[in-house]
Amino acid sequence: MTTIPARAKTAAPAAPLALLAELTHRCPLRCPYCSNPTELARVAQELDTATWARVFQEAAALGCLQVHLSGGEPTARRDIREIVRAASEAGLYTNLITSGVLTGETKLQALVEAGLDHVQLSVQDAEPGSADRIGGYRGGHARKLEFANRVHEAGLPLTLNAVVHRQNLDRLPQLIDLALELGAGRLEVAHVQYYGWALANRDALLPTRDQLEAATATVEAARRDLRGRLVIDYVVPDYYAKRPKACMGGWGRQFLAVSPAGRVLPCHAAESLPGFDFPNVREVSLREAWEHSEAFNRFRGTAWMPAPCQGCERAELDWGGCRCQAFALLGDAAATDPACVLSPHHAVLSLAVGAAAGAGEGFTYREPRKDPRHGGPMAEASEGAQG
């Protein structure tokens, strides 16, 4: 059960650097590690164009510099061009986070004309068959490559996002080669973070220690050899860690997200936490949510921290780690992140690694109305299924 700490007085927070605008949960892909909540928002719940335009203006006034247009698949919205234009007119740097499978040449050109600044394209693997199986979308990999070429032709900077795990990590060198072939300036090598859909699929996704060490060596060598050609970001899983990461730069410190239904969140996974009354942009301004809401202030700073975090020399470096991970593994969002070796519950990570060691490769695919926690067809993984 989540322990709710007493609300501490905090100084006015600094301006957030970026807004994640989750425009929709609709997506043609069914990725088993999707960061969307397992209960997906329906189309009728989505914010309309005018509300998003107001949110962008409020984000710019609050001090945000960037907006990341995400989903689901953001281009599933028919008003995506108007949304991009509204964000650009608000003075925000616009980054489209996309699967690339729904955007043809005409739509991409319209987005460029509306003010799109950057594209971040997800890929599931370097090998087409494996990529399509992981994404649950037949022919998706080929469409992604076509889209990447269109982005290059349009003169937009491209980031390739590769979510890596046990079933594709051995092809990390090929993923790096793919980023170079597609003309990407940046590659995000992001190990799966285990909450939501990924937690339901942890046994099929968690890499071995040998895989992790090999991947880390590959990234280090590529960073050295490709300096000046390709920037490589590297996000490792916490399950082999001794210290937690400063998740999203710390709760309510650098980042805020708005869900398709308008909830204002300190991170995109925070909807998984019970006992929170997250503000909604239909009812309050973005500034009010960021500066004054109980949900944002609950885990800001260090006053809320339990032992051994309280007084730790790293308290203002990792900010207590990930609240969503603490809840997912311990049922208490206020607990010390078990990724920390000082946590009394650090052993739960080793137990998870052991449980995953002999697991198969079947997935519980992301699909609406089929929550794996409540049984039904998605509760049974389909070995080698194709989309």
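Arginine 150 is partly exposed, with a relative accessible area of 24%, in this predicted model. Its salt-bridge partner is glutamate 146, and the closest N and O atoms of the pair lie 4.0 Å apart. Glutamate 146 is likewise placed in the partly exposed class, at 45% relative accessibility. Both residues belong to helix α5 (residues 140-153), where they stand 4 residues apart and are therefore separated by about one helical turn.

A second salt bridge joins strands rather than positions within a helix. Arginine 186 pairs with aspartate 233, with 2.9 Å between the closest N and O atoms. This pair links distant parts of the chain, since arginine 186 lies in strand β6 (residues 186-191) and aspartate 233 in strand β7 (residues 231-235), 47 residues apart. Arginine 186 has a relative accessible area of 33% and so is partly exposed. Aspartate 233 counts as partly exposed as well, at 25% relative accessibility. Elsewhere, salt bridges that share partners join Arg26, Glu46, Arg77 and Asp79 into one network.

Within that network, arginine 77 forms a salt bridge with glutamate 46, and their closest N and O atoms are 3.7 Å apart. Here too the pair links distant parts of the chain: arginine 77 sits in the loop between β2 (66-70) and α2, glutamate 46 in the loop between β1 (18-22) and α1, and 31 residues separate them. Both arginine 77 and glutamate 46 are buried, whereas arginine 150 is partly exposed and so is arginine 186. The count of salt bridges in the model comes to 15.

Two packed helices are described by the angle between their axes and the distance between the axes. For helix α1 (residues 49-62) and helix α2 (residues 80-89), the angle is about 20° and the axes are 8 Å apart. Angles under 35 degrees count as roughly parallel, and α1 and α2 are therefore roughly parallel to each other. Their crossing is right-handed. On the α1 side the contact involves Thr49, Trp52, Ala53, Phe56 and Gln57, which meet Glu82, Ile83, Ala86, Ala87 and Glu89 of α2. By class, the contact of α1 with α2 comprises 6 nonpolar, 2 polar and 2 charged residues.

Helix α2 also packs against helix α3 (residues 105-114), the axes coming within 8 Å and crossing at roughly 20°. That angle makes α2 roughly parallel to α3. The crossing of α2 and α3 is right-handed. From α2, the contact draws on Ile80, Arg81, Val84, Arg85 and Ser88, and from α3 on Ala110, Leu111 and Ala114. These residues of the contact of α2 with α3 divide into 5 nonpolar, 1 polar and 2 charged.

Leaving aside neighbours within four places in sequence, threonine 94 is in contact with Val67, Val84, Ala87, Ser88, Gly115, Leu116, Asp117 and His118. Of these, Val84 and Ser88 take part in the contact of α2 with α3, while Ala87 takes part in the contact of α1 with α2. Arginine 229, 135 residues away along the chain, has its C-alpha atom 23 Å from that of threonine 94.

Glycine 63 occupies the loop between α1 and β2. With a relative accessible area of 30%, glycine 63 is partly exposed. Not counting residues up to four places away in sequence, it touches Ala15 and Pro16.

In helix α13 (residues 323-330), the buried residues are Arg323, Cys324, Gln325 and Ala326. Just after α13, glycine 331 adopts a positive phi of about 75°.

Conventions:
Residues numbered from 1 in each chain as written. Predicted model: local features only at pLDDT ≥ 70, side-chain atom pairs only at ≥ 80, totals over all residues. Heavy atoms only, no water. Axes fitted to C-alpha atoms, helices over the stretch in contact; angles between N-to-C directions. Helix = DSSP H or I, 4+ residues; strand = E, 2+ residues; numbered from the N terminus. Parallel < 35°, antiparallel > 145°, perpendicular 65-115°, else oblique. Left-handed = near helix turned anticlockwise from the far one by under 90°. Contact = heavy atoms within 4.5 Å. Nonpolar A, V, L, I, M, F, W, Y, C, P; charged D, E, K, R; others polar. Salt bridge = Lys/Arg side-chain N within 4 Å of Asp/Glu carboxyl O. Buried < 20%, exposed > 50% of the residue type's maximum accessible area, 1.4 Å probe, protein only.
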